[in-house]
Amino acid sequence: MKRDEAVPEILAALVPPGERDRLGPAWTTAVARVRLLESQLEQSEKMAGLGRLAAGIVHEVNNPLVAVTMYADSLFSKWGLGNGDPADLEKIAAIREAGLRIQKLTRELAAYASPSAGKTVPLDLAPLLEQAALICKPALKEVDAVLVRDFDEVPQVSGSRSALTQAFIDLLTNAAQAIRRGGTIRLGLHAAEGQVRVTVADDGEGMTTEVQQHLFEPFFTTRPGRGVGLGLATVKQIVERHDATVTIESTAGQGTRVTVALPIRGPAAPPGR
Ligand SMILES: Nc1ncnc2c1ncn2[C@@H]1O[C@H](COP(=O)(O)OP(=O)(O)OP(=O)(O)O)[C@@H](O)[C@H]1O
Ligand SMILES: [Mg+2]
């Protein structure tokens with residue numbers, strides 16, 4: 001590629017062509033950096049646009065949907081008392097199911113499209129994990145999951161409480177869906193190498209390497225009809241916005257361990273800044 005090809009506008013304005021040769025490799029590096037920043041900016045603008053679109057859709061879809069599920073509920077209760085044709089009752093149950101499914105899709109779409117909702121604050125992860133576990137209680141109970149905590153005292157991280165809670169809810173839900181009845185989920189909290197690490201490990205069905213290759217793709221699911229396939233894609237978005245990483249180790253038939261590593265919060269800025 002020629003050095004002057006597609007020079008980002010801002011650099012072209014700042015550095016005259018004659019000066020560029022004098023800068024040599026520093027110029028090439030600067031061009032590459034600015035190009036990267038431009039593409040990141042473009043990506044985040046796209047995501048912000050997608051977020052607004054999703055929020056709009058969620059809003060518009062949810063109101064009529066509440067009517068659908070509410071009336072289906074009320075007809076189901078009325079006809080369930082022996083007043084109706086069992087075939088009709090089945091249809092009403094199907095309408096209700098379909099409504100709830102669309103609700104799940106819109107909720108997950110909103111979480112995926114704007115996971116950064118909520119301001120960045122200093123966070124203790126132990127209570128945040130407890131909160132996520134509490135929200136997942138019904139899903140854990142459904143499969144009689146044994147939830148084992150292994151929490152160290154760890155430093156604070158910085159992040160969005162709502163987004164990180166959402167991420168751990170997604171991971172705990174996946175674990176609950178993967179285990180056999182009475183299976184074990186281990187929730188770990190440790191600190192090492194400047195990071196706080198949260199692990200969610202289950203002794204469930206695990207994944208093949210083929211499945212592992214697609215995990216973070218939006219709408220990838222091996223549970224069609226039940227899963228939307230946005231859980232891990234959302235986790236990835238959230239994690240990236242926290243300068244964190246997510247890694248998944250899994251063996252088919254044995255279980256899965258997901259590790260989210262967040263940077264330890266730096267020293268607080270002095271007051272007035
Ligand atoms: N702990 C786990 N054990 C086994 N498989 C898992 C685990 N977590 C995720 N998976 C696999 O990864 C796929 C994608 O997970 P993801 O959370 O993104 O979507 P989903 O759970 O299928 O649907 P959703 O989360 O939108 O309800 C799942 O369908 C499943 O095959
Ligand atoms: Mg999921």
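Tutor: Let us begin with contact: two residues are in contact if their C-beta atoms, placed from the backbone, lie within 7 Å. Please keep in mind that this is a predicted model.

Student: What makes helix 7 and helix 9 meet, and which residues take part?

Tutor: On the side of helix 7, the residues are A163, L164, Q166, A167, D170, L171, T173 and N174. They meet G231, L232, T234, V235, I238 and V239 in helix 9. Because contact requires C-beta atoms within 7 Å, these residues are counted as the meeting of helix 7 with helix 9. By class, the contact divides into 8 nonpolar, 5 polar and 1 charged.

Student: How is the packing of two helices described?

Tutor: Two packed helices are described by the angle between their axes and the distance between the axes. The axes of helix 7 (residues 161–178) and helix 9 (residues 231–241) come within 9 Å and cross at roughly 145 degrees. The crossing is left-handed.

Student: Why is one side of strand 2 and of strand 6 left without a neighbour in the sheet?

Tutor: The open sheet has 5 strands in the order 2-4-5-7-6, with mixed pairing. Strand 2 (146–151) and strand 6 (245–251) stand at the edges and have a single partner strand each, so one side of each has no neighbour in the sheet. From one strand to the next, the twist averages 15 degrees.

Student: How do you know that strand 6 and strand 7 are paired?

Tutor: Two strands pair if DSSP finds at least two bridges between them. Strand 6 and strand 7 (residues 255–263) are joined by 7 bridges, and therefore they meet the definition of a pair. They run antiparallel, and S250 has T256 in strand 7 as its bridge partner.

Student: Which strands does helix 7 lie across?

Tutor: Helix 7 lies across strand 4, strand 5 and strand 7, at about 25 degrees to strand 5. Helix 5 (residues 125–135) lies across strand 2, strand 4 and strand 5, at about 165 degrees to strand 4.

Student: What makes a residue part of the shell around ligand 1, and which come nearest?

Tutor: A residue is near a molecule if its C-beta atom, placed from the backbone, lies within 6 Å of it. There are 24 residues around ligand 1, and N174, A178, T221, G227 and G231 come nearest. Helix 7 and helix 9 are the elements that give two or more residues to this shell, and helix 7 gives the most, with 4 residues. The shell divides into 10 nonpolar, 9 polar and 5 charged residues.

Methods: Residues numbered from 1 in each chain as written. Chains lettered and ligands numbered in written order. Predicted model: local features only at pLDDT ≥ 70, side-chain atom pairs only at ≥ 80, totals over all residues. Axes fitted to C-alpha atoms, helices over the stretch in contact; angles between N-to-C directions. Left-handed = near helix turned anticlockwise from the far one by under 90°. Nonpolar A, V, L, I, M, F, W, Y, C, P; charged D, E, K, R; others polar.
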